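Here are my notes on this one, as numbered points. Have the model open while you read.

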Amino acid sequence: VCSSDLQLAFLVGKMMLQRKRYKDALNYIRKSTTMKDTSNLVEAYLLMAQTYRTLNNYSKAREMARKVIKLDPHNGVAYEFIGDLYAGSAQACGNNALTTKVAYWAAVDKYIQAKHADPKMADAMNKKIAIYKANFPTRETMFFYNIKPGDKYKVGCWINVTTIARASN
């Protein structure tokens, strides 16, 4: 397959996204990911990540964002994207006063990584961190579930990452 065909697949995929034909878009954009030109590759993976999020396939969306990070470790947008996935899943990924809030810990971890990867994002990430820190479980809630601030904690659900327990107060 020549590079102009791959470029065309990428453009057709973007057009399909605009028309909200997500599955078709994924097929075209996926074809374009064999491109040698990594500038479009990063964009292709970000588009695929956003499309998978739209289709509520968060683990696949995260997988695509991680491919962006592998190609460009300074891409803060990909870290932010994963943080947003985690924060958006918090309520659905829990069933009590603790577990409906622990995904915010993982989200804040990603926002911190985003501002380290791309210092220009620091202000925006600090705003998100402040918002989600306010949603952390309280010390009382953590005590009730026998968790102390600073403990390692494995966030369940599709997120499935280990983070550090932190209290909102």
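1. Let's start with Val108, which counts as buried because its relative accessibility is 1% (buried means under 20% relative accessible area, exposed over 50%, partly exposed in between, with a 1.4 Å probe and protein chains only). Val108 belongs to helix H6; helices here are DSSP runs of H or I with at least four residues, strands are runs of E with at least two, and both are numbered from the N terminus. Setting aside neighbours within four places in sequence, Val108 touches Ile129, Tyr132, Phe136 and Arg166 (contact means heavy atoms within 4.5 Å). Glu80 is 28 residues away from Val108 in sequence, with 9.2 Å between the two C-alpha atoms.

2. A word on what you're looking at: this is a predicted model, where local features need pLDDT of at least 70, side-chain atom pairs count only at pLDDT 80 or more, and totals for chains, interfaces and linings use all residues. Residues are numbered from 1 along each chain as its sequence is written, and side-chain values use heavy atoms, with hydrogens and water left out.

3. Now the overall layout. The protein has 8 helices and 2 strands, and along the sequence they run α-α-α-α-α-α-α-α-β-β. The C-alpha trace spans about 60 × 30 × 25 Å along its principal axes. Of the 169 residues, 46% are buried. Take the contacts between residues at least 6 apart in sequence: 56% of them join residues at least 24 apart. The accessible surface is about 9,200 Å², and carbon and sulfur atoms account for 54% of that (Shrake-Rupley method, 1.4 Å probe; for residues, only the protein chains shown count as cover).

4. On to the rings. Rings of Phe, Tyr and Trp (its six-membered ring) pair if their centres lie within 6.5 Å; planes under 30 degrees apart are stacked, over 60 edge-to-face, and the rest tilted. That rule gives 7 aromatic pairs. One of them is Tyr86 with Trp158, a tilted pair at 5.6 Å centre to centre and 55° between the planes. Tyr86 sits in helix H5 (residues 76-89) and Trp158 in the loop between strand S1 (152-155) and strand S2 (161-164), so this pair ties together parts 72 residues apart in sequence. Tyr86 is buried at 1% relative accessibility, and Trp158 is buried too, at 18%.

5. Another pair to check is Trp105 with Tyr153, which is edge-to-face: 5.4 Å between centres, 80° between planes. Trp105 is in helix H6 (residues 103-117) and Tyr153 in strand S1, 48 residues apart, and the pair links these distant parts of the chain. Is Trp105 buried or exposed? With 0% relative accessibility, Trp105 is buried; Tyr153 is also buried, at 16%.

6. Which residues make up the aromatic cluster with Tyr86? Tyr58, Tyr86 and Trp158 form one cluster. Elsewhere, the charged end of Lys31 sits over the ring of Tyr28, 5.1 Å from its centre (the rule asks for NZ of Lys or CZ of Arg within 6 Å of the ring centre and within 35 degrees of the ring normal).

7. Last, Thr51 in helix H3 (residues 38-54). Thr51 is buried, at 2% relative accessibility. Where does its side chain reach? The Thr51 side chain goes to the backbone oxygen of Leu47, at 2.7 Å. Beyond neighbours within four places in sequence, Thr51 is in contact with Leu17, Tyr22 and Leu26.

Key:
Polar contact = N/O pair within 3.5 Å; in protein donor to acceptor, adjacent residues only side chain to side chain.
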